[in-house]
Amino acid sequence: MVIGATQESSAVAARSFVIWGEELSKKGRYGAAEKLYQRARGLVERTLGPQHPMMAEVLECYSDLLVRTNRSAEGIAMKSRSEAIWRAYAARSCRTLVQAHPFPAYCAEREGSD
């Protein structure tokens, strides 16, 4: 999938928000970090979609913050959503790779002769 200039700049901005959020979180500035994660989440959702792998990254980092700030239930739910996005993305990627590069016939023949 080729993304447009708007989507690309949104992805870069969202990644920057996450990086800064992680830095602020390490320094104990949880409120400021959370605002950045929320901005990243909204930006990715609007421009790339709720099932995009970048959304999984944002949710993963945000969930860590929630757990650290004693909001484990929210954090665990968010982490589960992140993992579901990654599973769906991996399944699509693997299918695409297998379709593009099918298992060579000679490998299948060798496997059966073992």
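Okay, so a helix here means a DSSP run of H or I that is at least four residues long, and a strand is a run of E of at least two. With that in hand, this is a predicted model, and the protein has five helices and zero strands.

A few overall numbers before we zoom in. The protein has 114 residues, and 28% of them are buried. The exposed surface comes to about 7600 Å², with 57% of that supplied by carbon and sulfur atoms. And if you take contacts between residues at least 6 apart in sequence, 54% of those join residues at least 24 apart.

Now, the helix pairs. Let's start with H1, residues 5–26, against H2. How are they arranged? Their axes sit 8 Å apart, at an angle of about 160 degrees. Anything over 145 counts as roughly antiparallel, so that's what H1 and H2 are to each other. The crossing is left-handed. On the H1 side, the contact includes Ala13, Ala14, Phe17, Val18, Trp20 and Leu24, and on the H2 side you'll find, among others, Leu36, Tyr37, Ala40, Leu43 and Val44. Sorted by class, that contact has 14 nonpolar, five polar and two charged residues.

Next pair: H2, residues 30–47, with H3, residues 53–68. Here the angle is about 155 degrees and the axes are 10 Å apart, which makes H2 roughly antiparallel to H3. This crossing is left-handed too. From H2, the residues involved include Tyr30, Ala33, Tyr37, Ala40 and Val44, plus Glu34, Arg41 and Glu45; they meet a set in H3 that includes Met54, Met55, Val58, Leu59, Cys61, Leu65 and Leu66. What's the make-up by class? It's 13 nonpolar, one polar and four charged residues.

One last stop, and it's a backbone thing. Which residue has a positive phi although it is not a glycine? That's Asn70, with a phi of about 60 degrees. You'll find Asn70 in the loop between H3 and helix H4, which covers 72–100. Is Asn70 buried or exposed? Its relative accessibility is 73%, and the cut-off for exposed is over 50%, so Asn70 counts as exposed.

Conventions:
Residues are numbered from 1 along each chain as its sequence is written. This is a predicted model: local features need pLDDT of at least 70, side-chain atom pairs count only at pLDDT 80 or more; totals for chains, interfaces and linings use all residues. Side-chain values use heavy atoms; hydrogens and water are left out. Buried means under 20% relative accessible area, exposed over 50%, partly exposed in between (1.4 Å probe, protein chains only). Contact means heavy atoms within 4.5 Å. Accessible areas come from the Shrake-Rupley method with a 1.4 Å probe; for residues, only the protein chains shown count as cover. Axes are lines fitted to C-alpha atoms, for helices over the stretch in contact, and angles run from 0 to 180 degrees between N-to-C directions. Angles under 35 degrees count as roughly parallel, over 145 as roughly antiparallel, 65 to 115 as roughly perpendicular and the rest as oblique. A crossing is left-handed if the near helix is turned anticlockwise from the far one by less than a right angle, and right-handed if clockwise. Ala, Val, Leu, Ile, Met, Phe, Trp, Tyr, Cys and Pro count as nonpolar, Asp, Glu, Lys and Arg as charged, and the others, Gly among them, as polar.
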